[in-house]
Amino acid sequence: MSEKIFNKIVEILEANGAKFRVVTHDSVGTSAEVAKARGTELGQGAKALICTLKGGGEKIYALAVLPADMQADLSALARVFERNRASLVSPAEGLELSDCVFGSVPPFSFHEKLVLVCDPALFERYDEIAFNAGLLDHSVILNAKDYQKIANPKLVKFAKI
C-alpha cells in the first residue's frame with residue numbers, strides 16, 4: 001500500500017484547486033462494500049484496472065478507469081489501441097506500474113508506460129467520483145470535472161453494464 005501515492009494525489013489536487021475530500025474507512029473488500037463505507041453510490045466509484053494490450057505491435061499498458069457498477073469490455077479496449085487482445089496484469093506487474101496493491105489503485109497514472117484511459121460513463125451520472133487513493137483505507141471523493149481536467153485521460157468507450 002502506498003502512502004507516497006496518496007500524498008502525491010492530495011498534493012496534485014490541492015495544487016490545482018480541486019474540490020475534494022478525503023474519507024478514512026475500514027479496509028473492505030468489494031466495490032459495493034467500499035462505496036457503503038465511503039457513503040457514496042457504487043456508480044460513483046472510479047474502478048481502475050491495469051491492463052496489458054497485446055498483438056499487432058508493441059505491448060501497451062493501460063490504466064483503464066470506469067464506473068464501479070459497470071464491467072470492462074477488454075476486447076473493445078484492445079481494438080481502440082489496434083491490438084488483438086487485452087488482459088488484466090498480474091498483481092506483481094500492477095504493483096510495479098502503480099506502486100499500489102490491487103484494490104487501492106487510483107485513477108491517476110504516474111508511470112511513463114501506463115496510458116490513462118477513462119470511459120465517458122464515469123462523467124455522465126454523478127458530479128463526484130470516489131476512489132481508493134493508494135491505500136485500502138483512504139478514499140478521495142473528487143469533483144468529476146476537476147478529475148477530468150487534472151488527469152486528462154484519453155476518453156474511450158469500453159464499459160458495459
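Is Arg21 buried, exposed or partly exposed? Arg21 is partly exposed, with a relative accessible area of 40%; buried denotes under 20% relative accessible area, exposed over 50%, and partly exposed the range in between (1.4 Å probe, protein chains only). The model is predicted, with local features requiring pLDDT of at least 70 and side-chain atom pairs counted only at pLDDT 80 or more, whereas totals for chains, interfaces and linings use all residues. Residues are numbered from 1 along each chain as its sequence is written, and side-chain values use heavy atoms, with hydrogens and water left out.

**View 1. Salt bridge between Arg21 and Glu128.** The side chains of Arg21 and Glu128 meet with an N to O distance of 2.9 Å. A salt bridge is defined as a side-chain nitrogen of Lys or Arg within 4 Å of a carboxyl oxygen of Asp or Glu. Because Arg21 belongs to strand 1 (residues 20-24) and Glu128 to strand 7 (residues 128-132), the pair ties together parts that are 107 residues apart in sequence. Helices (H or I, at least four residues) and strands (E, at least two) are DSSP runs, numbered from the N terminus. Glu128 is partly exposed, at 26% relative accessible area.

**View 2. Salt bridge between Lys4 and Asp99.** A search of the whole structure finds 3 salt bridges, and one of them joins the side chains of Lys4 and Asp99 at 3.9 Å, N to O. Lys4 lies in helix 1 (residues 3-15) and Asp99 in the loop between helix 4 and strand 6, so this contact ties together parts that are 95 residues apart in sequence. Lys4 counts as exposed, with 59% relative accessibility, while Asp99 is partly exposed, with a relative accessible area of 32%.

**View 3. Salt bridge between Asp69 and Arg125.** The closest N and O atoms of Asp69 and Arg125 are 2.8 Å apart. The pair links distant parts of the chain, 56 residues apart: Asp69 sits in the loop between strand 3 (60-67) and strand 4 (71-72), and Arg125 in the loop between strand 6 and strand 7. Asp69 is partly exposed at 33% relative accessible area, and Arg125 is partly exposed at 43% relative accessibility.

**View 4. Cysteines Cys51 and Cys100.** A disulfide is a covalent bond between the sulfur atoms of two cysteines. The criterion applied is a pair of cysteine sulfur atoms within 2.5 Å, and by this rule the count is 0 disulfides. The closest cysteine sulfur to that of Cys51 belongs to Cys118 and is 12 Å away, which is too far for a bond. Cys100 is likewise in no disulfide, the nearest cysteine sulfur being that of Cys51 at 15 Å. Cys51 is buried at 0% relative accessibility, and Cys100 is buried with a relative accessible area of 1%.

**View 5. Patch of positive charge on the surface.** Lys54, Lys59, Arg85 and Lys113 gather in this patch. Patches consist of residues with over 30% relative accessible area and no salt bridge, in which like charges are joined within 9 Å and nonpolar side chains (Val, Leu, Ile, Met, Phe, Trp, Tyr) within 5 Å. Lys and Arg count as positive and Asp and Glu as negative, with His and the chain ends not counted. Among the members, Lys113 is found in the loop between helix 4 (91-98) and strand 6 (114-118).

**View 6. Phe81 and Glu82 in the loop between helix 3 and strand 5.** Phe81 lies in this loop, which runs between helix 3 (74-80) and strand 5 (85-88), and is buried at 13% relative accessibility. The C-alpha atoms of Phe81 and Lys54 are separated by 9.3 Å, although the two residues are 27 apart along the chain. Glu82, in the loop between helix 3 and strand 5, is exposed, with a relative accessible area of 65%. Most residues other than glycine have a negative phi. The phi of Glu82, however, is near 55°, a positive value in a residue other than glycine.

**View 7. Positive phi at Asn152.** The phi of Asn152 is near 50°. Asn152 is found in the loop between helix 5 (144-151) and strand 9 (154-155) and is exposed, with a relative accessible area of 60%.

**View 8. Gly57 and Asn84.** Gly57 occupies the loop between strand 2 (46-54) and strand 3 and counts as partly exposed at 48% relative accessibility. Gly57 and Asn84 are 27 residues apart in sequence, with a C-alpha to C-alpha distance of 9.3 Å.

Key
Areas by Shrake-Rupley, 256 points an atom, 1.4 Å probe, with all protein chains shown as cover. Charge placed at Lys NZ, Arg CZ, Asp CG, Glu CD.
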